[in-house]
Amino acid sequence: MRNRVKGVRGIGTNDANYETQVYGLKDGKRACLWVCPYYKTWSTLLKRVTTYKTKPQICEEWLIFSNFKSWMEKQHWEGMELDKDILSSGHQIYSPGTCCFLPHNLNCILKDNASYSKLHPLGVCSPKSLTGSKVFLMQVEKFTVRGGKREKIAKRFKTASEAHSAWQAEKSNQIESAVAWYARQSYFRTDVAEALTKRVWNLRLQGSCGEVTTRIN
């Protein structure tokens with residue numbers, strides 16, 4: 001049965017020539033039994049664009065489902081996550097030129113711990129339990145292969161600047177480890193590796209010059 005062309009999230013057009021969602025009875029109740037994986041990814045993307053506080057945008061081309069599906073079919077997407085930050089640092093738009101599919105561990109590698117405190121540089125916090133002793137804590141999430149246990153590397157310093165410098169060095173090491181692992185995967189992409197390696201060298205350059213890193217994604 002052909003899908004009727006209909007709007008999605010007030011901005012997208014589902015022009016699929018097949019049913020993208022199949023409903024039926026489950027435990028005696030009407031439920032969605034199957035969702036097209038291309039449609040699921042696309043509709044989730046539209047949800048981000050219309051609900052996220054960061055106000056990301058989407059290119060005009062991808063407002064049409066069939067266009068997004070054609071692009072996604074050419075990607076290695078199974079078991080992966082859609083990302084727009086690694087290839088295009090600082091951009092807030094989803095498009096063929098800014099997006100790629102990545103495994104979860106690589107998709108999270110640029111997390112900069114910005115939420116620790118607005119009073120301290122990236123990757124640095126001053127825990128309440130340590131405030132009296134004026135200790136600054138540097139924390140970096142250790143890169144692990146998919147399915148591995150999430151671990152953190154934490155060290156104490158006397159000043160926020162020392163802690164931030166250590167964070168720059170350790171964060172660059174973890175991203176470098178991620179690139180080395182990624183290079184051995186069947187879905188390796190040169191542009192992704194180059195974009196991540198650029199972050200490594202930026203962090204190390206800023207650290208050697210005593211500059212504060214304000215963002216890495």
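Contact here means heavy atoms within 4.5 Å. This is a predicted model, where local features need pLDDT of at least 70, side-chain atom pairs count only at pLDDT 80 or more, and totals for chains, interfaces and linings use all residues. Residues are numbered from 1 along each chain as its sequence is written, and side-chain values use heavy atoms, with hydrogens and water left out.

Let's start with valine 49, which sits in helix H1. (Helices are DSSP runs of H or I with at least four residues, numbered from the N terminus.) Setting aside neighbours within four places in sequence, valine 49 is in contact with Ile11, Pro56, Gln57, Ile58 and Tyr94. Its relative accessibility is 16%, so valine 49 counts as buried, a label for under 20% relative accessible area with a 1.4 Å probe, protein chains only. Other buried residues of H1 include Tyr38, Trp42 and Leu46.

Now for the helix itself. H1 covers residues 37–51 and reaches 21 Å from its first C-alpha to its last. That is close to the 21 Å expected at 1.5 Å a residue, where the expected span is 1.5 Å times one less than the number of residues.

Next, the packing. Two packed helices are described by the angle between their axes and the distance between the axes. The axes of H1 and H2 (residues 65–72) come within 10 Å and cross at roughly 115°; they are lines fitted to C-alpha atoms over the stretch in contact, with angles running from 0 to 180 degrees between N-to-C directions. On the H1 side, Pro37, Tyr38, Tyr39, Thr41, Trp42 and Leu45 meet Phe65, Phe68, Lys69 and Met72 of H2.

Terms used
Helix = DSSP H or I, 4+ residues; strand = E, 2+ residues; numbered from the N terminus. Buried < 20%, exposed > 50% of the residue type's maximum accessible area, 1.4 Å probe, protein only.
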